[in-house]
Amino acid sequence: MAAVVAIGGCAFDGPMSTLVARSDLNRSILSVYKIITWAISIIGLLVFALLAIVLLRYRDRPGAALPRQIHGHTAMEIGWTIAPALVLLIIAIPTIQIIFRTQSAAAPKNALEVRVRGWQWWWEFRYPTLDVATANEVHLPVGRPVVFVMEGPDVIHSFWIPQLGGKRDVVPGHVNRITLTPEAPGEYWGQCAEYCGTSHANMMLRVFVEESAAFDRWVAAQKAPPAEPTGDAVAGKEVFARSACVGCHTIRGVSAGGLGPDLTHFGSRKLFGAGMWETNVEKVAEWVKDPPRLKPGTKMPNLHLSDADSKAVAAYLVGLK
Ligand code: CUA
């Protein structure tokens with residue numbers, strides 16, 4: 001049993017656990033969990049106690065007559081209609097309050113806006129006030145409210161960072177929001193939580209919550225022009241610039257595609273492929289060589305690059321810190 005729980009990633013404070021709150025939103029969600037847990041515990045005890053009494057008192061005894069039979073009892077009928085409605089009401093009041101508070105269009109004035117788009121199968125993040133675009137990895141300053149403004153260009157996805165908040169659907173043609181304040185620095189895992197096609201399970205994200213100085217350094221680095229390649233990477237930039245890569249990806253000053261992740265600072269990301277692999281030249285080369293082999297259903301086609309060209313492109317991309 002312990003092994004099943006551990007292997008299943010269900011540790012109490014594991015990266016996908018919702019049981020330890022690291023944002024105001026998650027504290028609110030946990031408070032509703034607490035109400036529900038108390039309510040069902042008390043109701044469960046009551047039901048089992050009553051059941052035990054009835055089973056003992058009316059059990060079949062030798063020679064006992066059949067107890068008086070009753071058909072229909074208005075008071076009880078009304079009772080067990082009203083009682084569950086009351087329980088639902090008690091749960092609904094705080095739940096609806098939290099949904100409205102964190103979904104409202106009026107986020108706090110100092111909130112950092114992050115635009116989220118869910119694509120098959122990766123996450124686009126834009127910071128309109130900072131003029132920063134990235135993919136699959138969000139950086140946030142600790143203690144400052146953030147409002148995620150979400151919409152989907154293709155199918156419905158669901159934005160979920162178990163320790164910070166969500167899930168909330170990312171829907172084509174409709175803007176959804178989550179407002180929350182991350183309360184502890186750290187690296188948080190996220191996952192698309194709505195089945196969205198072949199690589200739904202391969203649609204992960206990371207959130208890096210940092211002290212504000214570290215966040216400011218990250219923003220400055222993201223705003224900088226892309227690094228100029230050296231060594232192997234020089235050829236890689238040439239291959240990139242003359243291949244179909246430019247149709248889908250933006251590298252500022254090099255290409256302006258908008259269908260795939262912005263790669264201007266690709267090398268600064270810890271992981272790539274929407275959280276699938278660590279960013280290093282070997283793995284990126286393998287990916288560039290044949291993306292559909294590594295990630296089923298990916299929209300990035302096999303461009304039939306040679307081994308040497310794949311390696312060079314990988315060296316160029318990883319060098320884009
Ligand atoms: Cu996107 Cu599931």
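1. Patches first: a patch is made of residues with over 30% relative accessible area and no salt bridge, where like charges are joined within 9 Å and nonpolar side chains (Val, Leu, Ile, Met, Phe, Trp, Tyr) within 5 Å. A salt bridge here is a side-chain nitrogen of Lys or Arg within 4 Å of a carboxyl oxygen of Asp or Glu. Accessible areas come from the Shrake-Rupley method with a 1.4 Å probe, and for residues only the protein chains shown count as cover.

2. On provenance: this is a predicted model, in which local features need pLDDT of at least 70 and side-chain atom pairs count only at pLDDT 80 or more, while totals for chains, interfaces and linings use all residues. Residues are numbered from 1 along each chain as its sequence is written, and side-chain values use heavy atoms, with hydrogens and water left out.

3. The surface patch. Trp38, Ile42, Ile43, Leu46 and Val47 make up a nonpolar patch on the surface. Together they have about 520 Å² of accessible area. Trp38 sits in helix H2, residues 24–57. Helices (H or I, at least four residues) and strands (E, at least two) are DSSP runs, numbered from the N terminus. Trp38 is exposed, at a relative accessible area of 61%. The classes are: buried under 20% relative accessible area, exposed over 50%, partly exposed in between (1.4 Å probe, protein chains only).

4. The E6/E7 pair. Strand E6 (residues 157–161) and strand E7 (residues 165–170) run antiparallel and are joined by 5 bridges. Pairing requires that DSSP finds at least two bridges between two strands. A hairpin of 3 residues connects E6 to E7. Ile161 has Gly165, in E7, as its bridge partner.

5. Cis peptide bonds. Check two places. Gln120 and Trp121 are joined by a cis peptide bond, with omega about -5°. Trp121 lies in the loop between strand E1 (112–119) and strand E2 (122–127). Another cis bond joins Gly166 and Lys167, also with omega about -5°. Lys167 belongs to strand E7.

6. Positive phi. Most residues other than glycine have a negative phi, and most peptide bonds are trans. Asp131 is not a glycine, yet its phi is positive, about 60°. Asp131 is in the loop between E2 and strand E3 (132–135). Its relative accessibility is 63%, so Asp131 counts as exposed.

7. A further case. His304 has a positive phi of about 55° and is not a glycine. His304 lies in the loop between helix H8 (291–294) and helix H9 (307–318). Relative accessibility is 66%, so His304 counts as exposed.
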